[in-house]
Amino acid sequence: PLDVTVILMMIFVLLFFAFRSILNVKSIFSAVPLATVGGVFALSLHGMEFNIGAGVGFITPLRYRVALDPNQSSSATSSD
């Protein structure tokens, strides 16, 4: 249990250094477990079992969520 706590704290710190915002880090930490629970519920609702394809489906959105840079503004919204 202590190892998991230390690892989660390290991930929290790394995400904070990447995003420079506690709010964004809290958003990631709360969205990932909720999305996982929803995904498992959807699998069971459709009578599917957890397999490699489902695992890849769980990991891929997580990768994109963490890779997004909240400080980048869209070119459509910039006026310069």
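Helices (H or I, at least four residues) and strands (E, at least two) are taken as DSSP runs, numbered from the N terminus. This is a predicted model, in which local features need pLDDT of at least 70 and side-chain atom pairs count only at pLDDT 80 or more, while totals for chains, interfaces and linings use all residues. Residues are numbered from 1 along each chain as its sequence is written, and side-chain values use heavy atoms, with hydrogens and water left out.

Q: In which helix is Ile11 placed?
A: Ile11 counts as partly exposed, because its relative accessibility is 37% (buried is under 20%, exposed over 50%, partly exposed in between; 1.4 Å probe, protein chains only). Its place is in a helix that covers residues 2-19, namely α1.

Q: Which residues is Phe12 in contact with, leaving aside its neighbours within four places in sequence?
A: Phe12 is also found in helix α1, and counts as partly exposed because its relative accessibility is 27%. Contact means heavy atoms within 4.5 Å. With the sequence neighbours set aside, the partners of Phe12 are Ile22, Val25 and Phe29.

Q: How many Å apart in space are Phe12 and Lys26, C-alpha to C-alpha?
A: In sequence, Phe12 and Lys26 are 14 residues apart. Their C-alpha to C-alpha separation in space is 8.6 Å.

Q: What is the phi of Arg20, which is not a glycine?
A: Arg20 lies in the loop between α1 and α2 (22-45), and counts as exposed because its relative accessibility is 58%. The phi of Arg20 is positive, at about 55 degrees.
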